[in-house]
Amino acid sequence: MDTPLFQVQSPYDLPKLRLLPLREQPAYRVAQNADACNLAELLAAIVGGQNQIEIADDLLRHFGGLRGLYQARVAEIGSVKGIGQQTAVRLKAALALGKKLNQDSVRNSGFAERPQIHSPSDAAALLQYEMSLLEQEYLKVLLLDTRNRLIEIVEVYHGSLNMTLVRVGEVFKPAVQRMAHGIILVHNHPSGDPSPSPDDIALTRAIVQAGQLMDIELLDHLIIGRTAPTGYVSLKEKGLGFS
């Protein structure tokens, strides 16, 4: 049988990018409104190339989503077919920029622009994205003034948190130094399950009692995870340690 001079390529063999109209391609959509793009589109725009959509899908599948990708080392990302070292570095840089933007929006705001905490969701919004990605437990303290405006966010501990490690004095030290009127504790569960443990409740109770003596009120204790409907649990709302 003679070999045909021209071979028609099946649409199924073409990269997905070539099958999309310009307005539906990742780079165009990011340029128009990056906030409206899904994760795969954002990753594809960073990856670039003809197979960017397939590679983005492979990345999310390989690492189990954005959190796994954030935690992966550059060498691990670069080992995914179609990525390579330079693209892996760009991806890590983009993810780190997103984290720093969230941090700097609080750290660098002027006093008049400091966020005011009206609810557990207000407090969670300041740290939820960052702390839900952490692989170790971190305990942070939100220092608030008399109008519940944020003064500062201070990291107190990281590692494995329990009552034998967390000293009440260390929790209140930054509050005393900055003359805070109240504090909110925030810590994360790397497992993703924000359900309070007995140690979490005991720590809350100890901080409440110490705060009463020092005239610095513990307004709430939030546990950041990923599996709850909101991604966090407020011990104050549940009445755990605050009775």
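Colleague: What makes the crossing of helix 9 and helix 10 right-handed?

Modeller: A crossing is right-handed if the near helix is turned clockwise from the far one by less than a right angle, and left-handed if anticlockwise; helix 9 and helix 10 cross in the right-handed way. Bear in mind this is a predicted model, where local features need pLDDT of at least 70, side-chain atom pairs count only at pLDDT 80 or more, and totals for chains, interfaces and linings use all residues. Residues are numbered from 1 along each chain as its sequence is written, and side-chain values use heavy atoms, leaving out hydrogens and water.

Colleague: And why is helix 9 called oblique to helix 10?

Modeller: Helix 9 (residues 168-177) and helix 10 (residues 198-214) pack at about 45°, axes 10 Å apart. Under 35 degrees is roughly parallel, over 145 roughly antiparallel, 65 to 115 roughly perpendicular, and the rest oblique. So helix 9 is oblique to helix 10.

Colleague: Which residues make that contact?

Modeller: With contact meaning heavy atoms within 4.5 Å, helix 9 brings Val 168, Val 171, Phe 172 and Val 176, and helix 10 brings Ala 206, Ile 207, Ala 210, Gly 211 and Met 214. By class that's eight nonpolar, one polar and no charged residues; Gly counts as polar.

Colleague: Why is helix 2 roughly perpendicular to helix 3?

Modeller: Helix 2 (residues 26-33) meets helix 3 at about 110°, axes 8 Å apart. That angle therefore makes helix 2 roughly perpendicular to helix 3.

Colleague: Then why are helix 3 and helix 4 oblique?

Modeller: Helix 3 (residues 39-47) and helix 4 (residues 52-63) pack at about 120°, with axes 8 Å apart. So they come out oblique to each other. Helix 3 also passes helix 4 in a right-handed crossing.

Colleague: How do you know that the charged end of Lys 92 sits over the ring of Tyr 70?

Modeller: NZ of Lys or CZ of Arg has to be within 6 Å of the ring centre and within 35 degrees of the ring normal. The charged end of Lys 92 is 5.6 Å from the centre of the Tyr 70 ring and sits over that ring.

Note on methods. Axes are lines fitted to C-alpha atoms, for helices over the stretch in contact, and angles run from 0 to 180 degrees between N-to-C directions. Helices (H or I, at least four residues) and strands (E, at least two) are DSSP runs, numbered from the N terminus.
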